[in-house]
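Please keep the sequence and the model in view while reading.

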Amino acid sequence: MSQTVTQKKTGGALGLDIRSGKVAKTGSTKRIQELNGLLHATRPSIDIQRARAFTKVYRETEGEPELLRRYKASAEMYRSFKPVIYDHERLAGWAAGKIRGAQICLDTHAHWIGDDLDALETRMYDPFVVPDEYKKELKEVHIPYWKDKTITALLIKQLPIDPDLVIGGVVGEVDIANYLNNCSSHFIADFPTLMEKGVQYYYETAQEQLNKLDLNVPESLDKRLFYIGISEVCLAIKQFAENYVTAASEKARRETDPVRKQELLDMEKVMRQVPWNPPRNFYEAIEMAWLVVMFQFMEGAGPSATHGRFDQYMYPFYRQGIADGTLTPELAMEFIEELYIKCTSNPWFVSTPRSHIVGGYYRYAHVDVGGLDKHGHDATNELSYLCLRAMRYVKTNAPTVSILLHQKTPDSLLYEACALAAEGMGHPSFFNCETLYDMLEGRAAGLHGKSPYTRRQILEYGGPIGCVEVGLAGHQFGHTEAGNVNIPECCNLVLFNGEKNGKLISIRTGDPTQLKTFEEFLAAVKAQIAHTIDICHIGLTVGEKIIAERFALPTFTMFCRDAVLRGKDVTQGGAYCNIGPSIQIMGLGTLIDSLAAVKKVVYEDKEATIADIRAAIEADFAGYEELRAKLRKAPKYGNNDDYADSIGIDLWEFCADEVRSHKTYLGHYADPGIKTVQANVGYGESTRATPDGRLAGSPFSDTMSASQQADIHGPVAAAMSYGKFDFSLFTNGTLLNMWVNRGELIEEDLERDERAESVPPFGMPAVNTPEGTYVEPVYKPAGMRNLANLVRTMLNDMGIYHVQFNTVNKKTLLEAQKNPEKYPTLIVRVAGYSAYWTDLGVKTQNDIINRTEHNF
């Protein structure tokens, strides 16, 4: 039975009210604690420096080539950006004018922001502070200029179908709004090249290629504009760093505390070196790592700028610092904690309707640890452990710390990851290296092709992007969460012959009462799914064309390996492997259970007719309680029951093949994925009741997980169901949520003075943190072994691609709903991200609470 409460005030508006800086002062040192406190004491706000730069340049360059205008606008943004340096910070740079600030990207936001602007500070989900002077300037200057120039505005004019069928997911069963509003996203930069050569390398390459051009060759005309633009952006980034040098120097001059004065002088020295030149030590390298991601957030509106395999490209600097005595494990972990705070400080700014789908401000950064090296050997090192341990100290919801697990992963690293998972923050995500590599080999390659990646490239650079999408650092570009397809509603489209709310929104599949066998019914459902994917693909193709023509991204292009040498922007196909826009399948578990129920109740047991099912759904099961009970008792996915699971395997393969058969505007093939963020709640609100007994407007199943409360035979049975799929078919990744009772893992009733001192696992450097706030819990050895064995079995033995765990007790979440002020920093796993519980809407909270809590 559902155990939830309704709460009048919820979402970000509540979370910001009760999460003060004081309660969030966690970290290994006083400096980190103060910086963490500042982060949580600051309300997310809007910055318009980017908007000003883009409007200024576009007005000055009317009639000039579109690509050059975009490049000049990015350059102006970097040059004119005003440096901000807070007390306690050592890593320079914020993506906006203050901590927890977000840039408005009017070139993608202007068509909706005018309607949202006055309500941004008070909206239920993810509110933002907007100063009155910004509102006035936006309304009078920027929005009027940009509102008919956004991707969405242009798409509406060019789309050959009704735009309502593909934007919003309310009229139809498709939503491509994330792609249109956030085309600059889902990218892992070429960190190895940046660490070796710095931004100066791209400037020198552009100048060299510019001087080589033969202007009698037609393609040289466009390349000339490209190299002029890239050169200007490089120099602007250099100016950005120089502005920080000046700001740090001036702040140091006024500083009276000698310790802080030296920190500011060190910051000045670092910014003189990076990002223009390659880093020489750990401090400069982690500054470079932060700036590279930050620049992407500044230039683009989207999420998922990812740090990639952080422990690999940072390890040479760590090893060098330990050897020469300039670095300690404690100092390295302190810098990593600061990086995590910086990542958390980047809220994702989305429209009010979209905030219901991706609420929690999270911007989907990853820090990956473990994995294999290019020779196929285990790549674990000391930083792998420190990255996991740093999250236990700093307790931020970002970035997602992910472990790349394989057969050779040391048990000690897996145990450290499980210890972090047991603490209930939703970190880490567990990824199966072998399956990830299989997905990458089929990336963007269609039904029978192979990606251009070599196995060695995949081993060295492969990792997750965003929620769970697969990528190669610096080698690929394309949107990996572009289109969403609601497949539970496709079953209803069969029952209502293509209609919803009395309107024809899909193809006619005929009178459903004339479908005499389950095979005929399933074929009709597949026809509706295929048509829905077709509609999604049409919208994405038009969007991809517009983006290639009008929305170039010079920063992303620079950070994509050899794109500058190719002389082509990444939006126009400049990457080594061009991917996306991808198509995500939503509601898999709900559709499996719906089809199993129809098969069992209607076609086998003949306890109801298709007409009965249709009437019950139309009435939202009012008056059909007995029929609903029969449908609910039918076999369910997630219990190692082949009756339901075989239907799931069929749907899995069908959906993957349908998506992979579609060619994109740039000439590659679409990739399928299964992940929903919290879209199962938002889209569930516009989805009718379904034949599994789910009521209208309630959430459908999240990600690839079983429906809420359907997986009733324990975690092993659920894993056996999930392990029956061929994960290599879903070349954009799959996401799996599971919940393990915290009481299985941790002794919760011990007082602080009863807790034993932490013993670091083999392979992790000992860290001495006398100022730290972290108290290690007492883990239950049997439960921790069970969790580690479950992860090993699911990933290494069954081939499941990904799993992540909530381990907060259900009773704690129920209490946090009733008394949120007592849980201001409680973090839970939502889907591909973690969020502060009090930042989530009550419907999303209820959806999490209603998931199955497993015991071993």
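## Phe 430 and the nonpolar cores

Beyond its neighbours within four places in sequence, Phe 430 is in contact (heavy atoms within 4.5 Å) with Ile 403, Leu 414, Ala 417, Cys 418, Ala 421, Val 791, Leu 795, Tyr 801, His 802, Val 803 and Phe 805. A nonpolar core is a set of buried Ala, Val, Leu, Ile, Met, Phe, Trp, Tyr and Cys residues joined through side-chain atoms within 4.5 Å; buried means under 20% relative accessible area, exposed over 50% and partly exposed in between, with a 1.4 Å probe and protein chains only. The largest such core has 265 residues, of which Phe 430 and Phe 521 touch the most other members. A second, separate core of 24 residues includes Ile 46, Phe 128, Val 130 and Tyr 145.

## Basis and confidence of the model

The model is predicted: local features need a pLDDT of at least 70 and side-chain atom pairs a pLDDT of 80 or more, while totals for chains, interfaces and linings use all residues. Residues are numbered from 1 along each chain as its sequence is written, and side-chain values use heavy atoms, with hydrogens and water left out.

The pLDDT, the predictor's confidence in each residue from 0 to 100, averages 93 over the protein chain, and 95% of the residues score at least 70. It stays under 50 over residues 1-10, a stretch with 27 contacts beyond four places in sequence. Where pLDDT is low, the predicted coordinates should not be read in detail.

Strands (E, at least two residues) and helices (H or I, at least four) are DSSP runs numbered from the N terminus, and two strands pair if DSSP finds at least two bridges between them.

Which way do the residues of S21 point? His 802, Gln 804 and Asn 806 point one way, and Val 803 and Phe 805 the other way. Five of the five residues of S21 are buried, so this strand is largely enclosed by the rest of the structure.

S21 (residues 802-806) pairs with S8 (residues 429-432) in the antiparallel sense over three bridges, with Ser 429 opposite Gln 804 and Phe 431 as bridge partner of His 802. With S18, S21 pairs in the parallel sense, also over three bridges; here Asn 737 stands opposite Gln 804.
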